[in-house]
Structure formats: structure tokens, C-alpha cells
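Thanks, everyone. Please have a look at the structure first.

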Amino acid sequence: MIKFEKLNFPEEGEIISFNNGLANVPNYPIVPFIRGDGTGVDIWPATQKVIDAAVSISYGENKKINWFKVYAGDEACEVYGTYNYLPKDTIEAIKYFGVAIKGPLTTPIGGGIRSLNVALRQIFDLYSCVRPCRYYSGTPSPHKKPEDLDIVVYRENTEDIYMGIEWEAGDSNCIELIKYLNESLIPKSEKLKNKLISESAGIGIKPISKKGSQRHIKKAIEHAKRLNGNKRHVTLVHKGNIMKYTEGAFRDWGYELAVNEFRNDCITERESWILDNLEKNNEISIENNAKLIEPGFEKLTTSKREKICEEIQEVISSISKSHGSNRWKRMVLVDDRIADSIFQQIQTRPQEYSIIATLNLNGDYISDAAAAIVGGLGMAPGANIGDNAAIFEATHGTAPKHAGLNKINPGSVILSGVMMLEYFGWNKAADLITMGISKAIEDKKVTYDLARLMEPKVNALSCSDFANAIISYF
Ligand code: NAP
């Protein structure tokens with residue numbers, strides 16, 4: 001059995017195991033939790049109370065979470081000593097028990113760790129960050145129809161400029177790198193030849209790999225497969241028109257995965273246009289089909305026109321039998337959008353989107369923008385998922401000015417708990433909490449952040465009373 005330095009092994013409960021990336025959850029799992037810094041002291045007790053009540057009401061004695069307190073952040077320094085923000089005990093416990101939930105953590109200043117959250121994601125290779133954004137009726141929103149937004153953002157968690165491989169302007173290594181690029185690598189490339197990086201620039205590296213992209217997009221497609229109707233839809237969001245070999249490659253690898261590994265379940269947007277044209281226009285020629293799917297087809301070069309006709313021929317011969325006769329309409333639609341346009345689209349046509357699979361930086365921006373539409377940070381949950389571990393956490397930080405005041409909105413961590421229960425397959429308890437939160441908000445029983453936006457004004461509940469209000473609807 002695993003030995004800890006300062007933790008006592010839980011007396012009751014079972015271990016969650018993993019098989020091919022899927023969690024096998026027993027009825028009495030041990031779940032390590034990190035209380036969190038700042039407002040974590042208020043949020044965690046409220047969250048635990050709501051989750052325990054929902055599980056108990058849904059399953060009686062048949063299921064129970066055995067919580068196991070582990071330490072990170074400021075609290076860890078109190079127990080394990082200065083600068084010990086992420087003790088070995090905590091890492092070992094999460095590794096051993098597989099699934100954990102955490103409150104927000106302060107980003108340490110000094111002490112060698114860039115960000116505890118990023119460190120946890122990297123240690124456990126939690127490569128997909130999953131952030132659902134949906135509207136709870138009654139939540140004040142700057143939008144006219146926030147209820148139209150119901151999306152899940154899949155943000156790649158391990159690559160991109162978030163790897164933190166960068167050099168400060170003026171640093172000798174930075175100057176050396178710029179010199180090497182300007183004098184050696186750039187002149188070698190026909191395309192880059194006339195480009196020159198300023199000697200006074202800082203440099204950041206943006207690595208995007210096929211393996212990293214595809215394992216992440218795979219999780220997004222698997223999620224879409226579990227949905228119904230037009231929610232069976234994955235949009236690859238990228239800035240590939242500018243960054244062809246990183247963001248553009250992410251898009252191409254996504255399509256490649258969809259048509260190779262998920263051929264029986266997926267249809268790409270272009271394939272769907274081709275099949276749609278065939279079905280609508282009985283005996284359409286390949287050339288006419290090409291004119292319909294490719295704007296300006298006639299003005300293209302002969303070789304490009306031939307390529308498009310080949311593509312259509314290939315679709316007809318390979319999938320018209322399996323995907324035709326409208327069968328494709330029940331499959332997961334995979335399309336792509338340029339990152340800047342998706343910011344518009346989730347505001348102007350939110351109902352057209354479902355799962356957004358994107359890279360690290362894009363995902364960070366998009367999930368916050370989407371959260372704002374449906375009520376802000378207090379209602380924005382998240383999960384970091386890998387093949388051998390998962391950590392559930394809120395999107396917001398420690399909000400230090402509200403710490404210890406029993407004031408903050410615990411909704412985001414409670415909803416992260418809902419995601420954890422869904423991950424366990426304990427949907428009855430998850431649905432109960434979702435219902436409780438919806439009813440509390442509809443009845444204007446909310447914390448200060450939502451109360452201040454409501455018209456007419458309502459009195460705010462404390463953090464703990466909001467939790468009690470949710471439970472009162474169970
Ligand atoms: P923050 O903690 O997210 O707080 C910024 C503001 O957002 C708060 O002052 C509050 O606005 C609102 N807010 C945050 N949590 C809320 C909640 N539960 N309910 C309602 N409103 C909420 O951002 P920060 O002040 O920039 O960061 C503080 C620390 O947290 C930093 O050390 C940062 O690195 C860290 N951080 C941690 C995580 C994480 O653990 N995942 C994520 C982000 C940041 P009002 O005061 O206007 O009501």
C-alpha cells in the first residue's frame with residue numbers, strides 16, 4: 001500500500017482504476033480534494049455538502065464518495081513548509097486514486113513553480129481541458145438570448161505557447177536564437193527568405209504535435225457521439241489561415257482523425273455538402289457538384305478543379321453507400337472555424353454550435369467569452385482529463401479579496417462536481433444538483449455576483465446559504 005509523509009491513508013473506500021483512458025468507478029470511491037486558496041475556504045465546504053447530499057438522496061447507502069483531504073497551494077506550505085506548494089504526498093495521492101477535485105489555487109510568486117494548475121495538468125498529462133457553458137434560467141446575462149448557448153469547449157492542455165518555452169527580449173539566449181534564425185534557418189526557406197526577426201524581440205515557441213492534437217480531438221468526438229440530434233457536432237477552431245503548420249495542422253489532423261478513426265460515426269462538413277447535393281439533385285454531375293461546394297470553382301486553376309472533382313468522386317465511391325440516404329444527418333458533423341470568427345458566432349448564432357475542439361490559447365479565451373454570455377465566472381466549471389487521471393476544477397481563481405467572507409459564488413466548483421459525477425456515470429446525482437441550481441437561480445436565491453445584476457434588485461445569499469438553497473430543492 002502507498003505510504004505518505006504526512007497523510008493518513010483513508011480508512012474506507014476504493015480506488016478508481018483506468019483502462020484505455022476510461023475510468024472504472026467503484027461505488028465507494030476515494031476522491032482526493034484540494035480545498036484551494038483564498039475563497040477555497042468558503043467554496044469547498046459548500047461544494048462538498050451539495051455533492052454529498054445529492055449522492056445520498058440519489059443512491060442511499062449504495063454509493064458514497066470517501067473524501068480524502070490533500071494539500072496544495074498556501075495550505076500546503078503551512079503543513080509541509082515554505083515553498084512546498086505541491087507536496088509529493090499530493091501528487092502520489094492523485095496518481096494512486098486517479099480522480100481529484102480542487103478549489104482555486106494562488107499562482108505562487110517565487111519558489112520555482114510557474115502555476116500550480118499548469119503543473120498539475122502537466123504532471124498527470126491531463127491533455128484535455130473540458131469547459132461546458134450552458135445557461136441556467138434566471139441567471140442575469142448581458143445577452144438577449146443566453147439560453148441559445150449550450151456548448152462544451154475542449155481546450156488542449158499540454159502544448160501551444162502555454163508550454164512556457166520562451167526567452168525574454170535582450171536575454172543572451174534570446175539574442176543567440178534570433179541570430180541563428182535570421183542567419184541560418186530563415187534564409188534556407190524559400191517562403192521565409194525575406195523575413196527578419198527584430199533583435200530586440202522576445203521569443204516564444206508554439207509546439208503543436210499530431211499526437212497531442214489527435215488524442216485531444218478524439219475526446220471531443222467521443223463526447224459528441226454521446227449527444228443527440230444537431231448536438232452531435234464538433235467544430236475544430238484554429239487560426240490556420242495564419243499559422244499553417246501549427247493551428248492549420250491541428251485542423252488537418254482533426255479531419256484526418258475523423259475520417260480515419262471515426263469513419264462510421266463522422267461526416268465532415270464538405271462531405272455532407274457533397275452528399276446533400278447528390279440527394280437533392282438526383283443525377284448531378286461531378287462538375288456541377290463541385291460548383292456547388294466550392295465557391296468560384298470556374299475561376300480556379302485546372303489542377304485545383306481536378307483535385308476537387310477527385311475529392312467528390314472519392315466521397316461518392318467511399319461513403320455514399322454507408323453515409324448516404326440521409327444517414328449522415330445522424331452522424332457527428334465535423335467542421336472547422338477560424339478562431340476570430342467563432343467569437344462572433346457564439347454570440348450571433350450560438351445554437352449552431354455544440355463541441356468546440358481547439359488549441360490551448362484559443363480555448364482559454366473562448367471558454368471565458370462563452371462563460372460571460374451565460375452568467376460569468378461564478379458559473380463556469382471545468383475538468384482536466386487524461387488517460388490515467390482526471391482533475392475537476394473551477395475556471396476562476398482564488399478571488400482573494402472575498403476570501404473567508406462566506407460571500408463568494410460556489411457554483412463553479414459545484415458544477416465541476418457535477419461534471420465529476422457525470423464522469424463517474426452517477427447521472428442521477430448530477431442531474432439533481434443541476435436541477436437544484438436551476439431552481440435556486442430561478443427563485444432568485446443567489447450569491448452577490450448574480451444578485452447585483454438582477455433587476456429588480458434582490459438580497460444576496462451567503463456562499464453557504466446558496467448551497468443550502470440548492471439542497472432544499474432535492
Ligand atoms: P479571480 O480569482 O478569478 O478573481 C477575479 C474576479 O472574478 C473576482 O474579484 C470576482 O469579481 C470574480 N470571481 C472570481 N471567482 C468568483 C466566484 N466564485 N464567484 C463570483 N465571482 C468570482 O482572478 P484573479 O484575481 O486574477 O486571480 C487571483 C489568483 O487566482 C491569482 O493568483 C491567479 O493566478 C489565481 N488563479 C487560479 C486559477 C485556478 O486555480 N484554476 C484560475 C485563475 C487564476 P468581483 O470582485 O468583481 O465580484
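A search of the whole structure, which is a predicted model, turns up 14 aromatic pairs. I will start with one of them, Phe9 and Tyr96. Their ring centres are 6.0 Å apart and the planes meet at 75°; an angle over 60 counts as edge-to-face, so this pair is edge-to-face. The two residues come from distant parts of the chain, 87 residues apart. Phe9 is in the segment before β1, which covers 17-19, and Tyr96 is in helix α3, residues 88-97.

How exposed are these two residues, by relative accessibility? Phe9 has 25%, so Phe9 counts as partly exposed. Tyr96 has 30% and therefore also counts as partly exposed.

Tyr96 has another ring partner, Phe97. That pair is edge-to-face too, with 5.0 Å from centre to centre and 90° between the planes. Phe97 itself counts as buried, because its relative accessibility is 0%.

Which residues do the ring pairs link into a cluster? They are Phe4, Phe9, Phe68, Tyr96 and Phe97.

Last, charges over rings. Lys6 lies over the face of Tyr80, and the distance to the ring centre is 5.9 Å. Arg134 is placed over the face of Tyr136, at 4.2 Å from the centre of that ring.

How values were computed. Residues numbered from 1 in each chain as written. Predicted model: local features only at pLDDT ≥ 70, side-chain atom pairs only at ≥ 80, totals over all residues. Heavy atoms only, no water. Phe/Tyr/Trp six-rings, centres within 6.5 Å; stacked < 30°, edge-to-face > 60°. Helix = DSSP H or I, 4+ residues; strand = E, 2+ residues; numbered from the N terminus. Buried < 20%, exposed > 50% of the residue type's maximum accessible area, 1.4 Å probe, protein only. Lys NZ or Arg CZ within 6 Å of the ring centre and 35° of its normal.
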